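Notebook open, structure loaded. I wanted to look up a few packing and pairing details and jot them down.

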Amino acid sequence: MKMHSSFFSFENEGTALKNDWKKSSNYQSLNGVWKFFWAEGPSGLPEHFESLSFDDGSWRTFNVPGNWEMNGYGFPMYTTSGFEFTYLMPQNKPDPPVVPMNVNNTGVYRREVEIPGSWENKKIVLHIGAAKSNLTVWVNGKYVGYGEDSKLPSEFDISPYLVKGKNLIVLRVMRWCDANYIEDQDMWRLSGITRDCYLVARNPVHLYDVELTPELDTVYRDASLKTKLTLNQRPLSPLAAEVILKYRNRVISSQSAKIDTSISVSLDIPVSAPLLWSAETPDLYDVVIRLSNGKGELLEVIHQRVGFRKIEIKNGLFLVNGKPVIIKGVNRHETDPLTGQTITREAMLRDIQLMKKFNINAVRTSHYPNSEIWLDLCDEYGLYVVGEANIESHGMGYDITLTMANRPSWMQAHLARVERMIERDKNHASIVIWSMGNEAGNGYNFYSCYLWMKQRDPGRPVQYERAVADYKKFTWEWDSDIINPMYPSPAGMLDYVKNTPHPVRPFIMCEYAHAMGNSLGNFTDYWDIIRNNRQHFQGGFIWDFVDQCFQRINSKGDTVYTYGGDYEPKEAITDWNYAAKGIFYANRTPYPHAWEMKKVYQDIHSRLVGANTLEVYNEKFFTDMRNVKLDWEIILNGVKWQSGSLMNVNVGPQEKALFKLPLKRFPDGEAFLNLSYKSKTAAPLVPAGHEIAVEQLGLGGKYKNQVVIKGGTGLTFKDDSGLLTINSRNMNIVFDQKTGLLSGYSVNNEQFMASGKTLKPNFWRAPNDNDYGANLQTQLKPWKEATESPVLKDFTYSTVNNVALIHAEYDLPEVYARLILEYRINSSGELLVSQKLSIPDTTKKTEILPRYGMQWILPAGFNDILFYGRGPHENYQDRNFSAHIGMYKQTVDAQYFPYVTPQETGNKTDVRWYKILNSRGRGLTVTSTVPMSISALHYFDSDLDDGDKRHQRHAADLVKRPQTQWNIDYKQMGVGGIDSWRSRPLTKYQLPYQEYDFSFLIRPF
């Protein structure tokens, strides 16, 4: 059946306003238990499975909706670009429209239903919410129809096939069909029926489609609601339609019209000064549509919700209600760690709540139309939505001679998908942009789609990333209203500003900031560019919102988050953990970088404009700050000095205001003003007291460490069997003269060095996902080799002013460098370490350094830390905007974040001092004259490092060590955040190949 807008038909207005189809006598749910047979391929199905006489008594049952692979039938497959079935094809190559048939998992569903007597003489429609990849229907043994498009409903008029009483419905679904050639999205490839299914009984003549088009005047004040009602056929006798517009149960306006000989009728309802819909102000009006016969008898009631808003592109900017809104978006797949691609309303609501709490205002339905329920919730709670068609043919490439986009025989397949999407979703206020699809090339078929979409819905822009003509210049072909690139670099964006002084199309990134593993570096760089060039940029959509990983329990009883390669046969495996690239874990736990996103995306910005005057800027476009309060505090050297609150910080949208803070004078030291903006009262999905925005402003002063040691008495040296031992009454320190490294450190009978370990220079880190994507695990490998095998060239010791001086020199031939380590030790066990890297021959070059510092392994029992630096969450030099400087007390266990695949984790930056201690309160303090980068973990780098190639490992595979690895660094390079397959961290967050000189002081306590 032809697609129509999503709505339900009710028998009366009271039921309609509840909008729950399960409460209506017009509907019969088909969710739940079906008889089910699954075969490796269609040839494995029993004969005549569709017939009434077929005995399905031995069949198992299956709950609808549900993915087969999540319930024991077949295996999930994850691919990023490339058809999942090509491993079964001749020469492992795609050949559209051919798909494998010998192996092509096929499921048959059988269910007996009883048609209520009250449905007699009505049209009965079978609604299958979504089926992957195709659907064939029989009723009572007779063929009814066929459908494709796995992310939109298929409906069938089954009235001619029904009998009174019991009826048999049979569905056949196949894993692969020709449609898969335009459903090649970066996601798990799962099968089955994944959305609600039901029967609906309609009157012989009924409303088939409802189209609501709110239009605002040129000053965005008054509006009209244009309504088009379309019947399924011409009425046999006149009907009357009434459209009632309500706001919070109050009738605003209404209009009636007769429908006699026409199949449709249009109404135009004027509305004076309606409340306008936006993501900030999601005001919705109820539209109640009543259809009656000539006698005035009510036939049906349909309820819709409409938002009055206007979408435009003017002067190169994307406007909502006349305002150039900023898109603070994410891409979101429909995914659940337990149910796969079958998503409940409760799970959707949880996702929207996360978005609201983390300052996300927009979502791209990557890469297919989402459930109608999701769009209803976006309408209700306020999110800007890019509605994307279920089209991707990435595996065919983009060559104009190969792409599906330029094959005329596939034009109708492309066009049908954008048509069906628009017809279903046209009434949703939240959809502000249509997308023709994703990574499917460009050509004749998309030109045709674009022209049809612009004709059908001139009120929304259409975007398409593969309409790109030149990525270096960010020029686009004509079949996209928006410049919507993927993963531009900050430098490329600045070049665009320079080369495009007067843009004519909005620039909104459809994907950026690839959040795979320990990522989202340089996010502030993106947003500094966006906010400083508002005529050129309007934000974008992070890839992506949540990991697509699934949960399973391993033999130890631990929860494992799985990814591609964990289920597939060897020949079908893709070797990247691409399922794990979310801002949130699959179970919706925030990743450390979620806090960076939240702060960068926040709408409240503050700066000091005088000694005690705060300027507050409200970046929102439609709402003021009347529901916001400010809690503030001054910290001095990490300790709270003064605090207070302002209950009134109301600032208008896009306005600035000044507020006085009663700041007291404070003594010398490093001072910061911490600001926390919180909601006064609860808002939908956001509780009262929720922290909306934070800021840390420097008030001046510097924290100064005295990195010197004083001599004492009683130092002795013992040189024996290749070991140099330095003793005093309270301490015992040992150097291995074969390596020149400190191998023992005991003070007051407390051993601080793990057995068999040393304090060693360290230039390496366990690669993160972005490192692997840029091939840094091999390109920077000389630094790993230099870490593992420095060549000792000289080792001397002496005393100067009752301080032991140990001098060790090393050649680092892999990196053409020389390293000097000097240790100064006094009788109290204080240890001043100097690490100097020199480059004797400047004509020789090598790669950047992953890190520069020293590594200490402490024995079991050192589980607590206290530090003054950036926290509380993990942070790196290119991702520490949200990590405020303060004093933090934490555990070593809490430093480790269980990234889906083991990698670098746990770092803290701008550390002034750092203490690590055991349960007896004994420990070590490290200080330096420069801010340090430090981590402490119960895992060694070797535990987290996969080596030259990723292995199929998971966080749950790691075994926590009793020892603590303590990295004391001058710096570590950034984690990166442009993409996870090419780009390095930005140059300013790298450690260039040059000379370094770093010193730090260890004090035992």
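This is a predicted model: local features need pLDDT of at least 70, side-chain atom pairs count only at pLDDT 80 or more; totals for chains, interfaces and linings use all residues.

I count two strands as paired if DSSP finds at least two bridges between them.

**Sheet.** With that in hand, I looked up Pro214 and found its bridge partner in strand 18 to be Leu225. Strand 17 and strand 18 (residues 223-231) run antiparallel to each other, with nine bridges between them. I then traced the rest of the sheet: three strands, open, in the order 17-18-21 and with antiparallel pairing. Strand 17 (207-216) and strand 21 (264-271) are the edges; each has a single partner strand, so one side of each lacks a neighbour in the sheet. On average, neighbouring strands here are turned by 15 degrees against each other, ignoring direction.

**Helix pair.** Next I checked how helix 4 (residues 411-425) sits against helix 5 (residues 444-456). Their axes are 9 Å apart and the packing angle is about 25 degrees. Angles under 35 degrees count as roughly parallel, and the two helices are therefore roughly parallel to each other. The crossing of helix 4 past helix 5 is right-handed. I listed who touches whom: helix 4 brings residues including Met411, Leu415, Val418 and Ile422, and helix 5 brings residues including Phe446, Cys449, Trp452 and Met453. By class, I get 10 nonpolar, three polar and three charged residues in this contact.

**Helix 8.** Is helix 8 mostly covered or uncovered? Mostly covered: nine of the 10 residues in helix 8 (residues 592-601) are buried. I noted that the buried ones include Glu596, Lys598 and Lys599, along with Met597, Val600 and Tyr601.

Conventions
Residues are numbered from 1 along each chain as its sequence is written. Side-chain values use heavy atoms; hydrogens and water are left out. Axes are lines fitted to C-alpha atoms, for helices over the stretch in contact, and angles run from 0 to 180 degrees between N-to-C directions. Helices (H or I, at least four residues) and strands (E, at least two) are DSSP runs, numbered from the N terminus. Angles under 35 degrees count as roughly parallel, over 145 as roughly antiparallel, 65 to 115 as roughly perpendicular and the rest as oblique. A crossing is left-handed if the near helix is turned anticlockwise from the far one by less than a right angle, and right-handed if clockwise. Contact means heavy atoms within 4.5 Å. Ala, Val, Leu, Ile, Met, Phe, Trp, Tyr, Cys and Pro count as nonpolar, Asp, Glu, Lys and Arg as charged, and the others, Gly among them, as polar. Buried means under 20% relative accessible area, exposed over 50%, partly exposed in between (1.4 Å probe, protein chains only).
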